[in-house]
Amino acid sequence: MLGHPNRRTPELSEIRDQREQQARKAAGDKACDTYDTAYHRSLTDDAEHGLAHALQGRTGP
């Protein structure tokens, strides 16, 4: 992850933010909403649920 503060590269965070915005613009709103939903869900799910979800090949919530 480019410029992630936990990777000890906070000086790259501005570049990372710019690239994230470019990627979101290129992907479109629906793709970004799908990603954001999955990302936030991953923060609360346990590992077993996440693994089962991945093995089923499901891409939605």
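Arginine 16 counts as partly exposed, at 24% relative accessibility. Buried means under 20% relative accessible area and exposed over 50%, with partly exposed in between (1.4 Å probe, protein chains only). The model is a predicted one, in which local features need pLDDT of at least 70 and side-chain atom pairs count only at pLDDT 80 or more, while totals for chains, interfaces and linings use all residues. Residues are numbered from 1 along each chain as its sequence is written, and side-chain values use heavy atoms, with hydrogens and water left out.

The chain has three helices and zero strands. Its elements run α-α-α from the N terminus on. Helices (H or I, at least four residues) and strands (E, at least two) are DSSP runs, numbered from the N terminus. Mean pLDDT, the predictor's confidence in each residue from 0 to 100, is 78 for the chain. In all, 80% of the residues reach 70 or more. Among the elements, H1 has the highest mean pLDDT (86) and helix H3 (residues 47-55) the lowest (82).

Helix H1 has 15 residues. From its first C-alpha to its last it reaches 21 Å, close to the 21 Å expected at 1.5 Å a residue. The expected span is 1.5 Å times one less than the number of residues. Just after H1, glycine 28 takes a positive phi of about 95°.

Five salt bridges are present in the structure. A salt bridge is a side-chain nitrogen of Lys or Arg within 4 Å of a carboxyl oxygen of Asp or Glu. Glutamate 20 takes part in a salt bridge with arginine 16, at 3.1 Å from N to O. These two residues lie four apart in helix H1 (residues 13-27), so about one helical turn separates them. Glutamate 20 is partly exposed, at 30% relative accessibility.

Glutamate 20 also meets arginine 24 in a salt bridge, again with 3.1 Å from N to O. An α-helix has 3.6 residues a turn, so residues three or four places apart point the same way. Arginine 24 has a relative accessible area of 24% and is partly exposed.

Arginine 24 forms a further salt bridge with aspartate 36, at 2.7 Å from N to O. This pair links distant parts of the chain: arginine 24 belongs to helix H1 and aspartate 36 to helix H2 (residues 29-44), twelve residues apart. Aspartate 36 is partly exposed, at 23% relative accessibility. Through shared partners, salt bridges join Arg16, Asp17, Glu20, Arg24 and Asp36 into one network.

The surface also carries a nonpolar patch. Tyr35, Tyr39 and Leu43 form it, with about 350 Å² of accessible area together. Patches are made of residues with over 30% relative accessible area and no salt bridge; like charges are joined within 9 Å, and nonpolar side chains (Val, Leu, Ile, Met, Phe, Trp, Tyr) within 5 Å. Leucine 43 sits in helix H2. At 55% relative accessibility, leucine 43 counts as exposed.

Over the chain, the accessible surface comes to about 5,200 Å², by the Shrake-Rupley method with a 1.4 Å probe; for residues, only the protein chains shown count as cover. Carbon and sulfur atoms account for 54% of this surface. Of the 61 residues in the chain, 8% are buried.
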